[in-house]
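Biologist: I should be grateful for a close look at the aromatic pairs of this protein. Please treat them in one connected account.

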Amino acid sequence: MPDLPALGRALQVVAFPAQGRKVVSWDECLSVARTSEMEREAEAALVAISRAVGNPVPDAGELLTLAADGRLRTAAEAVFPKAPAEETTSRIVELLGLMLALAALRSGVARWRHSWTGAAEVVGADGTYLDLAELAAAAADPETTEAVRAYLTEAGVDLAAAASRPGSARAQVLGGLINLSAGGVRTDVLITDLGLLLVPGLPRGRGPESKRRLTRIAAGGVPIGGMVAPEGERADARAGDGLALPAGGRFVAFADVAGVTTVPGRRKGWTFGMRAGGELSVRTALDTDELPGGWAAWDEAVTFLAGTR
C-alpha cells in the first residue's frame, strides 16, 4: 500500500477531527496525559490533607512545611486512623514523591521519558536520572525536610509552582442512581472514585429526565472536592471549572466518611457516619433506577467504606 502514513493522516482527519483542539506528537500527548493524572491524584490528596489540618495546602512547598514540623504525619494519621505506622509513612512518602515530581515538571527541571516497551519515567530536563523516591523519603523525615527543600530550590524547582489549570482535575464517575432518599430528601447520586455527588431529585414521573440530567452532569466532569456554585451566584450557575448543579447539590468525600452501616428493612438503606459528626441516611424508593453500572459502583463504594480504612 503506497504512502501508508499519508493514508493514516487522511483517515485521522475523518475519524478523529480536531474540532479546534491542538494536534500534538505522541510524546507531548503522553506527557500531558500522565501529568494530568498526577495532578488529579495530587488534588484529591491535598483536599484530604487540607481538611485534616484545617488550612489550605496548595503545593509542595506547604507540604514540606507540614512535614518539617510533624503536622503532615498527624494529618495522615487522621485521614487513615486505622493504618499501621509503617503504612502511614509509606503513604506520606508517596504523596511527597508525587508533589515533588509535579513541582519539578512544572518548573521545567524535569520531563517525561516515554518507552513503548516499558514504563514512562520522570527524568531530569537533560535526560539524567532523577531519584525522586530518595528525595521524598528524606523529605518525610522532619530532621532532613529542610535540607531537601534547600537542595530542590538550588536545583531550580519552584515548590510553589501551580498547575496550569488549577481545580481542573476530575473525579472519575463510576455510575449513578436516581430517585433515592438522602436525609429524607429525594436525591440523585453520582458515584465517583473520590466520593458521592448528591443532586436534588426531580418529582415522581420524571425518571427519564432525571437520567438525562445526571448523565449530562457526569459528562461535564466532577471537580475534585465537588465544588458547587459560590455563595451569591445563582443556584444553577456554573461552578468550579464548569460544573453546574441545582440548588442543594453537594459532594460527600469518602475521606469525610468514618464508616457506613446497612439498615435492615424491606427497602435497602444505609447510614453514613461522618468524621465531623452527624449522619447521612440513604434509602431506596419504589422508583429508584440506575445509570449503567450504578448499583455495582454503589455496592463497591459501600463495601469500601464499611471496611477497615
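**Aromatic pairs**

Modeller: By the ring-centre rule, the count comes to 5 aromatic pairs in this predicted model. One of them joins Trp26 and Trp116: the ring centres are 5.7 Å apart and the planes stand at 85 degrees, and because planes over 60 degrees apart count as edge-to-face, the pair belongs to that class. Trp26 lies in helix α2 (residues 26-53), whereas Trp116 lies in the loop between β1 (110-113) and β2 (121-124), so this pair ties together parts that are 90 residues apart in sequence. Trp26 and Trp116 are both exposed.

Another pair is formed by Phe272 and Trp298. Their ring centres are 5.9 Å apart with the planes at 80 degrees, so this pair is also edge-to-face. Phe272 belongs to strand β12 (residues 269-274) and Trp298 to helix α9 (residues 294-306); the pair thus links distant parts of the chain, 26 residues apart. Here both partners, Phe272 and Trp298, are buried. Phe272 and Trp298 also belong to one aromatic cluster, together with Trp270 and Trp295.

A word on confidence is in order. The protein chain averages a pLDDT of 85, and 89% of the residues score at least 70. Over residues 226-243, however, the pLDDT is below 50, although this stretch has 35 contacts in the model beyond near neighbours in sequence. Where pLDDT is low, the predicted coordinates should not be read in detail.

Conventions:
Residues numbered from 1 in each chain as written. Predicted model: local features only at pLDDT ≥ 70, side-chain atom pairs only at ≥ 80, totals over all residues. Heavy atoms only, no water. pLDDT = per-residue confidence, 0-100. Contact = heavy atoms within 4.5 Å. Phe/Tyr/Trp six-rings, centres within 6.5 Å; stacked < 30°, edge-to-face > 60°. Helix = DSSP H or I, 4+ residues; strand = E, 2+ residues; numbered from the N terminus. Buried < 20%, exposed > 50% of the residue type's maximum accessible area, 1.4 Å probe, protein only.
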